[in-house]
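Hi there,

Here is the structure I promised to pass on. Have a look at it first, and then read my notes on its salt bridges below.

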Amino acid sequence: MSINVVSRIDDLIPINNLLVSVSDKTGLDGFVSGLININPNINILSTGGTFSAIQKFLGEKSESRLTQVADYTGQPETQGGLVKTLDFKIYLGLLTETYNADHIRDMARTGAITIDMVVVNLYPFARTIAQPDVTPEQARGNIDIGGPCMLRAAAKNFIRVTPVVNPDDYTTVLDEMTRTEGKISLNTRYLMAQKTFEHTAVYDRNIADYMSQTLTESIRECYTMND
């Protein structure tokens with residue numbers, strides 16, 4: 001396998017398109033509203049409960065600024081939101097490199113857009129397993145798949161994309177975009193990438209630890225077993 005080598009990037013990247021999908025909606029209203037105040041033409045892709053929350057607080061603005069991921073990809077969400085964002089157009093938009101002609105041709109071929117920022121926090125696995133009498137099925141259901149995938153893709157492509165995993169960083173992002181007329185610097189993108197990989201590493205460690213400490217007998221007790 002040949003690895004693509006990048007030699008040219010931009011320091012400041014304008015935030016025109018972002019994808020938002022969060023379990024913890026703390027501060028989301030102020031953050032999204034702040035982004036629109038900085039860039040009134042910003043486009044927001046979102047899913048499920050996050051889409052509904054943004055639609056509610058944006059009101060009429062949501063008609064021109066907010067799009068369901070399913071409407072963008074052409075693939076409806078599966079039952080219970082099992083598959084929402086695992087789509088070629090999403091990852092092409094996250095991983096595309098600015099000065100890669102082949103990537104740009106792929107974007108044109110698929111009708112994809114570059115996603116400049118991902119605002120994602122994950123299903124509350126640690127909080128779930130800390131509850132008394134939690135079942136293995138409840139734990140399994142709170143293992144996030146799409147969120148870590150998007151965060152890792154965005155963090156890998158820090159040369160262009162800003163991953164935002166913690167609501168505590170909303171102010172940092174807004175402050176910089178205010179100073180730079182809607183752009184994020186390489187310094188901030190790289191810092192956010194560091195935080196993202198630390199977050200997903202801890203998340204996966206929690207899952208691995210839980211599974212290693214949960215006996216198969218407990219799994220069997222949780223389900224009706226077919227021979």
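Let's start with Arg179, which is exposed, with a relative accessible area of 62%. (Exposed means over 50% relative accessible area, buried under 20%, and partly exposed in between, using a 1.4 Å probe and protein chains only.) Its partner in a salt bridge is Glu176, with the closest N and O atoms 3.8 Å apart. Glu176 counts as buried, at 9% relative accessibility. Both sit in helix 10 (residues 170-179), 3 residues apart, so about one helical turn separates them.

Before I go on, a word on the model: it is predicted, so local features need pLDDT of at least 70 and side-chain atom pairs pLDDT 80 or more, while totals for chains, interfaces and linings use all residues. Residues are numbered from 1 along each chain as its sequence is written, and side-chain values use heavy atoms, leaving out hydrogens and water.

By salt bridge I mean a side-chain nitrogen of Lys or Arg within 4 Å of a carboxyl oxygen of Asp or Glu. The whole structure has 7 of them. Helices (H or I, at least four residues) and strands (E, at least two) are DSSP runs, numbered from the N terminus.

Helix 6 (residues 101-110) holds another pair, Asp106 and Arg109, also about one helical turn apart. Their salt bridge is 3.3 Å, N to O. Asp106 is partly exposed at 26%, and Arg109 is exposed at 59%.

Finally, which pair is buried on both sides? That's Asp116 and Arg160. They meet in a salt bridge of 3.5 Å, N to O, and link distant parts of the chain, 44 residues apart.

Cheers
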